[in-house]
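Me: Could you take me on a close look at how the parts of this model pack together? I would like one connected account, please.

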Amino acid sequence: MIVTTNVNKRKANNELEEEAIKVAKYFNCQYIDRGRLTVKELIGKFGECIIIYKQKTVYINKNFEELYFHLDTAMLRIKNKCVPLLKIIEGREQSILDMTMGLARDSITLSYFGHKVEALEDNKIIHYIVSNGLKKFDSGKSDINEAMRRIKTYNINSLDFLKKQESKSIDYIYLDPMFIYKIKDSSNISIFDSLACQDSINDDLMNEMTRVAKKKIILKAHKLDPIFEKYNFNIIERVGAKFFYGYIGL
Ligand SMILES: C[S@@+](CC[C@H](N)C(=O)[O-])C[C@H]1O[C@@H](n2cnc3c(N)ncnc32)[C@H](O)[C@@H]1O
């Protein structure tokens, strides 16, 4: 993988080039001045790349699929105030650990409605693209921008993170692992799928979540996922929905 800018060195300002050099260092790969190379030529030569634009950062894989930060359904959820997840959370300004950040749509929604959100993402590329977007993306609405900026993110596996936390230190733990039954509902899904951590829930994770959470563990999963029954989640059924929320009260 290489990192470059959206225009060549001659046209890029110093800031853009410095940012690209910084990102290349972070990913332990090379920064290159793209000269006259098109994206097709860059991918042909280097396999995959990260392109730094003034307003956004884009990861492109060998199939020319792109991953970049966008608000996707978060904006819709906020606008409609129709967020089943919020109904499971009692009280205001709760501390919430989102163990599976992904594109951060749930984290943004929870933060927007006043909760204190920390979000974990195992994959380094997803984490970089999304945390950078949370810091810099301009939604055009100051309250949504503020909600994004408030989220604290970590590039870490959630089980490793939990093991370092004190008992009963977080009000709610939320997780939305990759579906066993895939739902194709996002333009980013196939590149996202190929990068995302596919960890499933096991006894070790359940024990750590039960130790660290004060109030509830909340799970979003496909309605047919046997995990709800295996660990005795209270299921919130939703007519017509492909996925359900479940929770364990502590
Ligand atoms: C289904 S997506 C989550 C989508 C997210 N709720 C949203 O609103 O955009 C799952 C994400 O969690 C990450 N993930 C899965 N298991 C993880 C783990 N054990 N630790 C940290 N991240 C994990 C995956 O890499 C993926 O990005």
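**Domains and helix packing**

Reply: Between the C-alpha centres of domain 1 and domain 2 there are 30 Å. Domain 1 covers 2-67 and domain 2 covers 74-249, with bounds that come from an automatic or database domain assignment. Please keep in mind that this is a predicted model, where local features need pLDDT of at least 70 and side-chain atom pairs count only at pLDDT 80 or more, while totals for chains, interfaces and linings use all residues. Residues are numbered from 1 along each chain as its sequence is written, and side-chain values use heavy atoms, leaving out hydrogens and water.

Where the domains meet, 11 residues of domain 1 are in contact with 15 residues of domain 2, contact being heavy atoms within 4.5 Å. About 1,300 Å² is buried between domain 1 and domain 2, and carbon and sulfur atoms give 65% of that area. Buried area here is the accessible area (1.4 Å probe) that two parts lose on being put together, summed over both.

Now to the helices, which are DSSP runs (H or I, at least four residues; strands are E, at least two), numbered from the N terminus. Helix α1 (residues 14-26) packs on helix α6 (residues 124-136) at about 145°, their axes 12 Å apart. Axes are lines fitted to C-alpha atoms, for helices over the stretch in contact, and angles run from 0 to 180 degrees between N-to-C directions. Glu19, Val23 and Tyr26 of α1 meet Lys124, His127, Tyr128, Asn132 and Lys136 of α6. These contact residues divide into three nonpolar, two polar and three charged, where Ala, Val, Leu, Ile, Met, Phe, Trp, Tyr, Cys and Pro count as nonpolar, Asp, Glu, Lys and Arg as charged, and the others, Gly among them, as polar.

Helix α5 (residues 105-112) and helix α7 (residues 142-150) pack at about 115°, with axes 8 Å apart. That makes α5 roughly perpendicular to α7 (65 to 115 degrees; under 35 is roughly parallel, over 145 roughly antiparallel, and the rest oblique). Their crossing is right-handed. From α5 come Ile108, Ser111 and Tyr112, and from α7 Asp143, Ile144, Ala147, Met148 and Arg150. Here the division is five nonpolar, one polar and two charged.

Technical notes: Left-handed = near helix turned anticlockwise from the far one by under 90°.
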